[in-house]
Structure formats: C-alpha cells, structure tokens
Amino acid sequence: MSRSDSAPTLGLALSGGAILGTAHIGALQALDERGLRVTHLAGTSMGAIIASFYAFGFTGKEIEDVTEELRWPDVTGFSPSKLGFLSMDRLQGTLRKHLGRVRIEEAPVKLALIAADIGSGEKVVLTEGDLATAVAASACVPGVFIPVEWEGRLLVDGGILENLPLSPLRAWGVDRIVAVDVLMGRRYHQPTTILELLLNALDMALASVSRERAREVDILITPDTTQWGRVEMSEVPALVREGYRAAMEALGG
C-alpha cells in the first residue's frame with residue numbers, strides 16, 4: 001500500500017514545564033473527546049511522563065487519575081551525590097507499577113522521548129530501551145536530580161535542548177502535527193525574589209526557542225499557565241481544566 005493510500009498520520013508533541021505540564025492531561029482529554037487518533041508521540045520532561053502513559057493506552061482521564069502518584073517530591077528520593085540531590089527511582093517505580101517493565105518500542109503508538117547528554121551537549125532522542133529509565137532521564141532536572149545513566153551516557157532533562165519535541169515527528173514525516181506547549185502562553189510579572197527571576201528567565205528562553213520551531217505546526221495549543229508555579233501540585237485540577245479549554249479553543253470548539 002502506498003503512503004497516499006494509507007490513513008493519515010497525526011503526531012503529538014508535549015512540552016516540558018514541570019507541574020505546568022499537567023495541563024497536557026486536559027489537552028489529551030479534548031483530543032479524546034474529539035475522537036482524534038494520535039499515531040506518533042514525542043515528549044520532553046513532564047511531557048515525556050504524560051506521553052508515555054498515553055502511548056501505552058491510558059486516556060486523558062485515566063492519566064489524571066494517577067497524577068496523585070506523580071506529585072513532587074513523592075516521585076523522588078533524597079540521595080545526595082556529587083551530581084545531584086534527588087534520585088528518580090520512585091518515578092521509575094510508579095511507571096513500572098502502572099505500565100509494567102516495558103520498552104519504548106513496545107508502545108502501541110510510536111513514541112520518542114527527548115533527553116540531553118550532559119557530558120557531550122548532544123540531544124538524545126530515545127525511541128528504544130527501558131521506558132521507565134528513559135522517562136526518568138527526560139525529566140531529570142540538572143543540578144537537582146542525579147543524572148540517569150544510559151548506555152555510557154549521563155542524561156538529564158531534554159528541555160534544555162528541545163523543550164517542545166518536534167524533531168522526532170518531523171523525522172518520522174507525519175502528515176499533521178499537534179503541539180502542546182505550556183510555556184508559550186505564559187505571561188510574566190516583575191519578580192520579587194531571585195528564584196522568581198531565574199525561573200522567569202528560564203521559561204522565557206525555552207518559550208522563545210519553541211516559538212521559532214513551532215511555526216510550521218498544524219495545531220498549536222498554548223494553555224495560559226500564568227497564575228501557577230512550576231512545582232505546586234495543589235492546582236493540578238485547574239491546570240487540567242486550562243489545558244482542556246486551550247485545546248478545545250485551538251481545535252475550533
């Protein structure tokens with residue numbers, strides 16, 4: 001069968017953004033409600049966590065139900081070393097509890113997760129190998145979490161190189177791309193602490209790069225995450241609702 005005779009492919013990219021990334025769940029709920037079938041998935045950081053559940057058959061609603069177990073710091077363990085303070089072991093345990101000891105390539109939906117090699121500066125696109133380890137690598141914030149070992153590399157959060165993971169979808173040549181970015185729609189206020197200043201600067205930089213790369217996306221969903229912080233879990237239900245609202249608006253409904 002030729003490519004023209006086959007069903008059109010739909011790629012979905014889910015950005016990083018720490019807890020703000022739970023807005024992806026609402027976007028997935030909107031896609032489910034519209035009956036849109038995603039054939040290819042790419043995720044970075046929190047987007048990698050949520051993309052993995054979705055790729056292995058969880059609906060947006062079912063992913064929302066397991067977010068209680070994805071609360072920081074509950075998915076981490078204090079394990080100080082020369083390269084970080086927290087381990088990603090509990091996150092890996094949560095993934096294996098719900099999905100089993102699966103490999104990326106076993107997902108019913110084609111899946112790619114973005115990480116960064118902190119030793120070489122290279123972007124690493126993970127499409128094969130142990131899923132839980134790959135997700136932990138993609139979500140491993142450098143300087144906070146201990147880098148994840150992967151085939152002789154030390155991997156950290158892929159957001160430092162590609163926060164909105166479009167390159168795997170383009171490499172696969174999908175027919176249409178839907179992208180959800182939880183930082184592009186964010187507005188900023190004058191910081192009152194050095195931490196707010198640094199987080200504002202980081203989010204602005206990531207959003208700027210993603211905005212340039214997203215010009216050729218077919219549908220861009222940008223939830224307004226202005227009023228929420230990156231690490232506060234108490235507002236996850238509101239973030240899910242905002243993701244749903246933004247997705248429905250972008251989808252024309």
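**Close-up views of a predicted model**

**View 1. Ala247 in helix 9.** Ala247 has its place in helix 9, in a structure that is a predicted model. The residue is buried, and its relative accessible area is 0%. Val178 stands 69 residues from Ala247 in sequence, yet the two C-alpha atoms are 9.9 Å apart in space.

View 2. Helix 9 spans residues 236-250 and holds both Arg245 and Glu242. These side chains form a salt bridge in which the closest N and O atoms are 2.7 Å apart. The two positions are three residues apart, about one turn of the helix. An α-helix has 3.6 residues a turn, so residues three or four places apart point the same way. Arg245 is partly exposed, with a relative accessible area of 37%, whereas Glu242 counts as buried at 11% relative accessibility.

**View 3. The salt bridge between Arg153 and Glu122.** The side chains of Arg153 and Glu122 meet in a salt bridge, with an N to O distance of 3.3 Å. Distant parts of the chain are linked by this pair: Arg153 belongs to strand 8 (residues 153-157), while Glu122 lies in the loop between strand 5 (110-117) and strand 6 (123-126), 31 residues apart. Both partners are partly exposed, Arg153 with a relative accessible area of 28% and Glu122 with one of 40%. Together with Asp117, Glu122 and Arg153 are linked in a network of salt bridges.

**View 4. The salt bridge between Lys123 and Glu162.** A salt bridge joins the side chains of Lys123 and Glu162, at 2.8 Å from N to O. This pair, too, links distant parts of the chain, for Lys123 is in strand 6 and Glu162 is in helix 6 (residues 159-162), 39 residues apart. Lys123 is partly exposed, with a relative accessible area of 37%. Glu162, by contrast, is buried, with a relative accessible area of 3%. In the model as a whole, the count comes to eleven salt bridges.

View 5. Helix 2 covers residues 46-55, and ten of its ten residues are buried, so the helix is largely enclosed by the rest of the structure. Just after helix 2, Gly57 takes a positive phi of about 100°.

**View 6. The crossing of helix 1 and helix 2.** The axis of helix 1 (residues 23-34) comes within 10 Å of the axis of helix 2, and the two cross at roughly 30°. Helix 1 is therefore roughly parallel to helix 2, since angles under 35 degrees count as such. The crossing of these two helices is right-handed.

**View 7. A nonpolar patch on the surface.** Ile194, Leu195, Leu197, Leu198, Leu199 and Leu202 form a nonpolar patch on the surface. Together, these residues have about 570 Å² of accessible area. One of them, Leu199, lies in helix 8, which runs over residues 194-213. Leu199 is partly exposed, with a relative accessible area of 32%.

Methods: Residues are numbered from 1 along each chain as its sequence is written. This is a predicted model: local features need pLDDT of at least 70, side-chain atom pairs count only at pLDDT 80 or more; totals for chains, interfaces and linings use all residues. Side-chain values use heavy atoms; hydrogens and water are left out. Buried means under 20% relative accessible area, exposed over 50%, partly exposed in between (1.4 Å probe, protein chains only). Helices (H or I, at least four residues) and strands (E, at least two) are DSSP runs, numbered from the N terminus. Patches are made of residues with over 30% relative accessible area and no salt bridge: like charges are joined within 9 Å, nonpolar side chains (Val, Leu, Ile, Met, Phe, Trp, Tyr) within 5 Å. Accessible areas come from the Shrake-Rupley method with a 1.4 Å probe; for residues, only the protein chains shown count as cover. A salt bridge is a side-chain nitrogen of Lys or Arg within 4 Å of a carboxyl oxygen of Asp or Glu. Axes are lines fitted to C-alpha atoms, for helices over the stretch in contact, and angles run from 0 to 180 degrees between N-to-C directions. Angles under 35 degrees count as roughly parallel, over 145 as roughly antiparallel, 65 to 115 as roughly perpendicular and the rest as oblique. A crossing is left-handed if the near helix is turned anticlockwise from the far one by less than a right angle, and right-handed if clockwise.
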